[in-house]
Amino acid sequence: MRTPAPLLLLLHLLALVSADSPPTSDPPCTATSPLTHSFVDLRPLTILHSGSPSGPDNTPTHLIPNPDWAARGWDYPANFTVNICGAEGEGDKDKEGEVKDPQLDVGAFYTVNGTSYSLGRVNDKPMFRGRKLVLTYTDGSPCTSSSPSDTDSAASGLAFGSPRRKSTTISFQCDNSLLVRAAVSFVGTPDECAYFFEVRTSAACPGVKREEGVGVGALFGGIAGVFAVVYFIGGCMYQRTVMHARGWRQLPNYGLWSGIGGWIYSTTNGLLRGVLRCIPCLKVPRRQTGGFGRRDARGTGYEDENRVLDALDEEWEGGY
């Protein structure tokens, strides 16, 4: 037994619609958790400056003259300046030992005795490590010449003959109780090469990715389109082969569709008449017809009334 052609077409189209679409990458400065599938958007934390014409997604946002996020060093002999997914505002200053590349911007730095040290290049790809959302900046100033204290820790920066470079790891915590956009705290550095920060912000709280709604709508629209095509093709084949219909009568439910035009016309006509009756200036006076107390076009209303009254009076008198 051969499978009908409409059924084969339906199965083929359903397979195309239900096929998994290729995974799309997250926009810059956003991340999706592989465990909970929650979506986090850190773009509101990016501070732009007069030298930064666009944000992580190449759209103008948050262009403010204020400095970047500041973190107090506490027991560390310097304070820190950090930006999220964007370059810090003092990009025109030379950072100690920094690679001169105009395409790469500094995401964090600190200053000691008038000398600034880079803590890494800008990175707009945060990622989840388990349930922790982190952002890493790498390729900062060399660790061998950037120690603010007279210790031998800088010597540990040499690895296989090449100096290590400073890096930054920023951990984000969801906090809806803050009255500001974010609070940046310096956690520490074990070797004055790797620096750790914590950012508490409401932007790190899970949200919904906008593209998901579009995908669901497209899926249901595709399924509805598949059923419409199968209904049309299958109905035409049935009307032609079984009912031996020709012309427009091959359409499925031809009687129903042919009556839609008349139904639309009568409904529209009734609605327009109702609307016109509600407008006083468009009301047409009705023509009066003959009857009691009324005069018709020929003026015989009162004569007919008098004849009827006379006949009643005669019947009344004749009864006595």
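Q: Which cysteine does Cys29 join in a disulfide, and what is the S to S distance?
A: In this predicted model, a disulfide is a pair of cysteine sulfur atoms within 2.5 Å. Cys29 meets that cut-off with Cys85, the S to S value being 2.2 Å.

Q: How many residues apart in sequence are the parts that the pair of Cys29 and Cys85 ties together?
A: Cys29 lies in the loop between helix H1 (5–18) and strand S1 (30–32), whereas Cys85 lies in the loop between strand S4 (80–82) and strand S5 (108–112). The pair therefore ties together parts whose separation in sequence is 56 residues.

Q: Is Cys174 buried, exposed or partly exposed?
A: Buried means under 20% relative accessible area and exposed means over 50%, with partly exposed in between. The relative accessible area of Cys174 is 43%, so this residue counts as partly exposed.

Q: What is the handedness of the disulfide of Cys174 and Cys205?
A: Cys174 and Cys205 form a disulfide with their sulfur atoms 1.9 Å apart. The torsion about the S-S bond of Cys174 and Cys205 is about 90°, and the disulfide is therefore right-handed.

Q: Where does Cys193 lie, given that Cys143 and Cys193 form a disulfide?
A: The sulfur atoms of Cys143 and Cys193 are 1.5 Å apart, and the pair links distant parts of the chain, 50 residues apart. Cys143 is in the loop between strand S8 (132–137) and strand S9 (158–159), while Cys193 is in the loop between strand S12 (182–188) and strand S13 (194–201).

Conventions. Residues numbered from 1 in each chain as written. Predicted model: local features only at pLDDT ≥ 70, side-chain atom pairs only at ≥ 80, totals over all residues. Heavy atoms only, no water. Helix = DSSP H or I, 4+ residues; strand = E, 2+ residues; numbered from the N terminus. Buried < 20%, exposed > 50% of the residue type's maximum accessible area, 1.4 Å probe, protein only.
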